[in-house]
Amino acid sequence: MSDTPAPPQSTRLAILIPFAIVTLIWGSTWIVIRDQLGSVPSSWSVTYRFLIAGIAMLVYATVRGERIALDARGWGFAAALAVLQFCFNFNFVYRAEGYITSGLVAVVFALLLVPNAVFGRLFLGQQLGRQLLIGSSVAMAGVTLLFVHEARSDPHGPAASIAGVAWTMAGVLSASVANVLQATQTARRYPMVSTLGVAMLLGATLDATIAWTVAGPPVIEWRAGYLIGTLYLGVVASAVAFTLYFGILRVIGPAKAAYSSVIVPVIAMLLSTLFEGYRWSALAVAGSALAMLGLVIALRARRPAR
């Protein structure tokens, strides 16, 4: 009988493949979101996104034969997820892109790794192993270099930059609490697809309330790019990606799952190179390399003990 320990679950294809898919999808969303910042108030764009996502999730749940079986506690869980993940988080992020570039928002959002690790330790009792801490440190060094690069190239003034970073950090904290909620035993009591569908529709209702209060009656842009982008964000970047992401999170924990946010800026920059003529600097190359190295180190770490 071999004494060689089994490899960590985070290095298995059943985790790595959906992890890569989620990262690629979310790396592409920044370009789409930026294209939507125009005549339609951001709160209404968020509303349309999660209305479509919620409907898609419930249709999928019906096809699978998955019933909406939520008790009072389940409805409370779905409501909390709606407020934190599908209302506050996205309204904050869309608002941030009105102040700073999408690249800088993506880089700041990579800090999700930090509160996920801290909250996982405080509320889930997950110990942070040495290898995970080393990987996190290397990745954060890369994120720092990316931040410096994006901050230097950001055309907005200091006041706008501070406001944009503050809105992004508010989104990071909201998303982090939602991530930890998904790793609890309460989340495991309810079917994921239908529960997420309910949470997305509740979130869309809250988003619509905020949008009507702040921006007035619904506004929509009938441009093909806007409509296709909204469908992509609703179905692919929300319904598909969140199902995959929360499934990963429940297996490897919120700290490791948050590494998707570390790689997302790198993917966004690669796509910007292809479609927008983005030019790489030495800082961007070094930051991306460190972020990737940190990811490899962290994913090879054992899952934190509970």
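Me: How many helices and how many strands does the protein have?
Reply: This is a predicted model. From the N terminus on, its elements run α-α-α-α-α-α-α-α-α-α-α-α-α. The count is 13 helices and 0 strands.

Me: What percentage of the residues of the protein count as buried?
Reply: Buried means under 20% relative accessible area. The protein has 306 residues. The share of them that counts as buried is 52%.

Me: Among contacts between residues at least 6 apart in sequence, what percentage join residues at least 24 apart?
Reply: Contact means heavy atoms within 4.5 Å. Take the pairs at least 6 apart in sequence, then ask for at least 24 apart. The share is 91%.

Me: Which residues is Phe 50 in contact with, leaving aside neighbours within four places in sequence?
Reply: Leave aside its neighbours within four places in sequence. Its contacts are then Phe 86, Phe 90, Met 200, Leu 201, Ala 204, Asp 207, Ser 238 and Phe 242.

Me: Is Thr 186 buried or exposed?
Reply: Thr 186 sits in helix α8, residues 185–188. Its relative accessible area is 17%. The cut-off for buried is under 20%. Therefore Thr 186 is buried.

Me: Which side chain makes a polar contact with the side chain of Thr 186?
Reply: Beyond four places in sequence, Thr 186 is in contact with Arg 73 and Phe 77. The polar contact spans 3.1 Å. The partner is Arg 73.

Me: Why does Glu 221 count as buried?
Reply: Glu 221 is in the loop between α9 and α10. Buried means under 20%. Glu 221 counts as buried because its relative accessibility is 19%.

Me: Which side chain makes a polar contact of 2.6 Å with the side chain of Glu 221?
Reply: The side chain of Glu 221 makes a polar contact with that of Ser 39, at 3.3 Å. The polar contact of 2.6 Å is with the side chain of Arg 223.

Definitions and conventions
Residues are numbered from 1 along each chain as its sequence is written. This is a predicted model: local features need pLDDT of at least 70, side-chain atom pairs count only at pLDDT 80 or more; totals for chains, interfaces and linings use all residues. Side-chain values use heavy atoms; hydrogens and water are left out. Helices (H or I, at least four residues) and strands (E, at least two) are DSSP runs, numbered from the N terminus. Buried means under 20% relative accessible area, exposed over 50%, partly exposed in between (1.4 Å probe, protein chains only). A polar contact is a pair of N or O atoms within 3.5 Å; within protein, one must be able to donate a hydrogen and the other to accept it, and residues adjacent in sequence count only if both atoms are side-chain atoms.
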